[in-house]
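Please keep the sequence and the model in view while reading.

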Amino acid sequence: MRGRQRVASKDHIYKEGNPASVRLPIVKPAWRRSLWHVVVASISSFLYGYHVGVVNETLESISIDLSFSGNTLAEGLVVSTCLVGAFLGSLFSGWIADGIGRRRSFQLCALPMIIGAGMSATAKSLWGMLLGRLFVGTGMGLGPPVAALYVAEVSPPSVRGTYGGLTQIATCLGLMSSLFIGFPAKGILGWWRVCFWVSIIPAAALALFMEMCAESPHWLLKRGRSVEAEAEFEKLLGAVHVKPAMAELSKSGDEPDTVKLSDLLYGCHSRVMFIGSALFALQQLSGINAVFYFSSTVFESFGVPSYLANTCVGICNLLGSVVAMILMDKLGRKVLLLGSFFGMAGAMGLQVIAASSFISGLGAMYLSVGGMLLFVLSFALGAGPVPCLLMSEILPGKIRAKAMAICLAVHWVINFFVGLLFLRLLEQLGPQLLYSFFGSCSLLAVIFVKKFVLETKGKSLHEIEIALLAQGTS
């Protein structure tokens with residue numbers, strides 16, 4: 001009998017002092033019930049990664065076929081137009097997610113990705129390609145914030161971090177898929193069109209499979225549809241957990257909201273908005289997307305082929321994301337963020353040393369390439385997957401969708417300018433000064449996380465909201 005009790009104690013939490021003086025076990029919700037729903041939602045992250053990387057190997061053949069080869073401005077527009085669309089999609093994602101629900105938002109984000117991919121695949125001119133990339137970008141901007149919201153709202157607290165890591169892994173798989181599918185583009189005429197056509201398959205799968213997934217109970221309760229919220233909780237957690245989950249959700253006050261934009265920027269929610277926006281700003285000012293966009297240039301300067309460079313970066317990104325997923329609910333979000341930003345600062349230090357006059361030849365090559373791979377690995381361990389998950393956890397329920405939209409809009413704006421100005425600043429300031437700036441931003445992020453970021457591991461969304469309020473008044 002004692003042996004059975006020991007086994008049960010690993011999976012149960014006991015409460016004492018009930019009226020019958022009996023110790024009642026509270027079984028943790030089974031993670032398997034909600035896994036399918038999170039996996040389907042992660043398809044949006046896969047599409048995001050795929051469309052970020054799809055022009056990496058294909059841009060040269062696209063420019064030749066569409067007659068803008070050698071026009072660096074046009075080539076830059078093929079990349080950056082997608083970011084403009086992503087900014088617009090992200091900016092309105094909160095209002096869309098609150099208006100039509102999380103499931104319909106996923107299906108809506110799939111639509112411009114299907115249309116835009118078809119337009120890009122059949123483009124006969126630069127303008128046709130740019131219009132297609134703009135459409136795709138709006139879907140890219142809408143998907144990630146809705147995915148972060150959905151994962152936070154349908155996951156049991158004990159595995160919410162792990163599930164949040166799944167979306168980052170999906171992004172890495174999307175990037176690597178676009179890389180491998182794009183390899184033949186330089187040797188097979190018109191292959192780049194196939195690369196765009198292929199992306200329609202996961203987009204259509206997202207729209208179709210989301211029809212079979214649960215709607216967020218948080219959103220349903222905000223809409224006054226409590227009976228439907230209970231049904232979705234039963235689908236996600238099991239019948240025994242419906243009443244406790246509904247009671248917990250009712251405490252958080254997820255009533256229909258009338259929050260104005262001014263309330264988010266200047267009102268009682270301004271502190272949490274500052275944390276979210278600053279964390280995304282520091283993530284981008286660390287230089288991560290400059291590394292993603294231009295890593296092949298650095299590798300090629302040392303004679304390393306671009307396909308090998310992109311493969312190495314992709315493997316490091318995927319490896320770090322898998323480790324982060326495993327550790328997210330063990331070490332916690334804050335520990336991963338601190339270690340990640342500190343590692344990124346150290347990696348940029350290696351880049352600064354490699355660019356100095358003290359080291360040259362093979363030594364400089366090993367330091368520069370090693371530093372770049374260490375930077376990507378460190379990013380994937382925390383600074384990549386944690387901010388989106390953390391924001392979806394610490395933002396109060398009634399403002400979560402709209403606040404997430406604004407925070408991610410900050411991300412896209414800085415992402416755009418880092419990608420636009422990196423090469424020009426590299427020429428004017430030199431690698432030592434520019435990499436020192438990126439490293440300093442990573443160190444600043446360490447200080448910021450230590451001071452402002454709250455650990456959310458294993459807590460319900462309501463408990464996190466209470467803890468954040470207490471932190472703000474202390």
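**Salt bridges and their surroundings**

Arg 400 and Glu 153 join their side chains in a salt bridge, at 3.1 Å from N to O; the term denotes a side-chain nitrogen of Lys or Arg within 4 Å of a carboxyl oxygen of Asp or Glu. Because Arg 400 belongs to helix H20 and Glu 153 to helix H6 (residues 126-154), this pair ties together parts that are 247 residues apart in sequence. Helices are DSSP runs of H or I with at least four residues, numbered from the N terminus. Arg 400 counts as buried because its relative accessibility is 3%, and Glu 153 counts as buried at 3% relative accessibility. Buried stands for under 20% relative accessible area, exposed for over 50%, and partly exposed for values in between, with a 1.4 Å probe and protein chains only.

The model is a predicted one, in which local features need pLDDT of at least 70 and side-chain atom pairs count only at pLDDT 80 or more, whereas totals for chains, interfaces and linings use all residues. Residues are numbered from 1 along each chain as its sequence is written, and side-chain values use heavy atoms, with hydrogens and water left out.

The structure contains 12 salt bridges. One of them pairs Lys 402 with Asp 98, whose closest N and O atoms are 3.0 Å apart. This pair links distant parts of the chain, with Lys 402 in helix H20 (residues 400-429) and Asp 98 in helix H4 (residues 72-100), 304 residues apart. Both Lys 402 and Asp 98 are buried.

A further salt bridge connects Glu 232 and Lys 235, with 3.2 Å between the closest N and O atoms. These two residues are separated by about one helical turn because they stand three residues apart in helix H11 (residues 226-237). Glu 232 is buried, at a relative accessible area of 11%, while Lys 235, at 37%, is partly exposed. Elsewhere, salt bridges with shared partners join Asp 98, Arg 102, Glu 153, Lys 222, Arg 400 and Lys 402 into one network.

Side chains of opposite charge can pair when their charged atoms come close. Glu 215 is placed in the loop between helix H9 (200-209) and helix H10 (217-222). Its side chain reaches the backbone nitrogen of Arg 102 at 3.1 Å and the backbone nitrogen of Arg 103 at 3.4 Å. Apart from neighbours within four places in sequence, Glu 215 is in contact with Gly 101, Arg 102, Arg 103, Leu 220 and Glu 232, where contact means heavy atoms within 4.5 Å.

Ser 42 is found in helix H2 (residues 31-53) and counts as buried at 7% relative accessibility. Residues up to four places away in sequence being left aside, Ser 42 touches Leu 166, Thr 167 and Ala 170.

The axes of helix H16 (residues 306-331) and helix H17 (residues 333-354) come within 7 Å and cross at roughly 125 degrees. Axes here are lines fitted to C-alpha atoms, for helices over the stretch in contact, and angles run from 0 to 180 degrees between N-to-C directions. H16 and H17 are therefore oblique to each other; angles under 35 degrees count as roughly parallel, over 145 as roughly antiparallel, 65 to 115 as roughly perpendicular and the rest as oblique. From H16, Ala 324, Leu 327, Met 328, Asp 329 and Leu 331 meet Arg 333, Val 335 and Leu 336 of H17.

Definitions and conventions:
Polar contact = N/O pair within 3.5 Å; in protein donor to acceptor, adjacent residues only side chain to side chain.
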